[in-house]
Amino acid sequence: MPTPHINAKQGDFAKVVLMPGDPLRAKWIAETFLSDVVLVTTVRNVFGYTGTTKNGKRISVMASGMGMPSIGIYSHELYEEYGVETIIRIGTCGGYQQGIRVGDIILAEGACTDSNWSEQFALGGTYSAVASFDVLLAAHEAAKSLGKNVHVGNVLSADVFYDYDKTAWKKWADLGVLGVEMETYALYCNAAVSKKRALGLFTVSDSFVAKEIMTSEERQTGLVAMAEIGIATAERFAE
Ligand code: HPA
């Protein structure tokens, strides 16, 4: 049965889904790294593909859109309606720490947030959203074996990209948060609710400390490395 936001059939998705934010990036990953690719969903041009890796594993790639409401919708439908067991978000993030350079990889061991996503649980406390350790470990091994600079720790999943307060990031940085993106907290919460696996894996595209921004060449190289790490990780959880 199609869901409100995905028009694939049952069985169209693999057990593991790589999830970039951008639908055209999902298309590029599918066309560049997979064979026998099938386009399985097109609602709102949020494309999803299933194909086979060069090591013969069946994986899917589908865009999440931007922000927690968007990834919250797609990850929920994939986990709950399409039998997906593992979602690996791949994307870019801003770097908050001195030793983190543009082009480095960050693995989100945990995610903080300034959103009220976890208010729905009415916990009377603060929910710490964490990655699935086995997926984190597999991604770390993949990043190391590709010779990448990889950092593991907390990220901030922010609701606001263009902040009114230009210095607010410094408080998060002071608490050791490695970088900022906009989706992982909701993904980790959905994985927890659905008893599934999730990981956020990022290329650092800009630095709040060094005021560095990626060149278009660095962006492309970073993208390839991230896709390769994502696929190597996905293969470990695929059929
Ligand atoms: N903020 C939020 N998300 C991001 C950023 C940023 O500065 N850079 C890349 N993704």
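Which residues lie nearest the centre of the second largest pocket? In this predicted model, they are Cys112, Thr113, Thr126, Tyr127 and Tyr185, out of 15 residues that line the second largest pocket.

## Second largest pocket

The volume of the second largest pocket is about 230 Å³. Strand S6, residues 105-113, supplies the largest share of the lining, 4 residues. By class, the lining of the second largest pocket consists of 5 nonpolar, 9 polar and 1 charged residues.

## Largest pocket

The largest pocket has a volume of about 1,000 Å³. Its lining is made up of 36 residues, and Gly94, Phe161, Val180, Met182 and Asp206 are the closest to the centre. Sorted by class, the lining of the largest pocket holds 16 nonpolar, 7 polar and 13 charged residues.

Several secondary-structure elements take part. Helix H1 (23-33), strand S5, helix H4 (169-174), strand S9 and strand S10 each give at least two residues to the lining of the largest pocket. The largest share comes from S5, with 5 residues.

## Ligand position and shell

The ligand takes up the space of the largest pocket.

The residues surrounding the ligand are Thr92, Cys93, Gly94, Phe161, Val180, Glu181, Met182, Ser205, Asp206 and Phe208. In terms of class, the shell divides into 5 nonpolar, 3 polar and 2 charged residues. Gly94, Phe161, Val180, Met182 and Asp206, which belong to the shell, are also the lining residues closest to the centre of the largest pocket.

## Polar contacts and burial

Which residue places a polar side-chain atom 3.0 Å from a nitrogen atom of the ligand? That residue is aspartate 206. For glycine 94, a backbone N or O atom lies 3.4 Å from a ligand nitrogen atom. Threonine 92 has a polar backbone atom 3.4 Å from a nitrogen atom of the ligand.

How much of the area that the ligand exposes when taken alone does the protein bury? The ligand alone exposes 260 Å², and the protein buries 87% of that.

Technical notes
Residues are numbered from 1 along each chain as its sequence is written. This is a predicted model: local features need pLDDT of at least 70, side-chain atom pairs count only at pLDDT 80 or more; totals for chains, interfaces and linings use all residues. Side-chain values use heavy atoms; hydrogens and water are left out. A residue is near a molecule or strand if one of its heavy atoms lies within 4 Å of it. A polar contact is a pair of N or O atoms within 3.5 Å; within protein, one must be able to donate a hydrogen and the other to accept it, and residues adjacent in sequence count only if both atoms are side-chain atoms. Accessible areas come from the Shrake-Rupley method with a 1.4 Å probe; for residues, only the protein chains shown count as cover. On a 1 Å grid over the protein atoms alone, a cavity is a set of points where a 1.4 Å probe fits but cannot get out, and a pocket is an open set with protein on both sides within 12 Å along at least five of seven lines; lining residues have an atom within 4 Å of a point. A molecule sits in a cavity or pocket if more than half of its atoms lie within 2 Å of its grid points. Ala, Val, Leu, Ile, Met, Phe, Trp, Tyr, Cys and Pro count as nonpolar, Asp, Glu, Lys and Arg as charged, and the others, Gly among them, as polar. Grid points are joined across faces, edges and corners, and a volume is the space filled by probe spheres set on the points.
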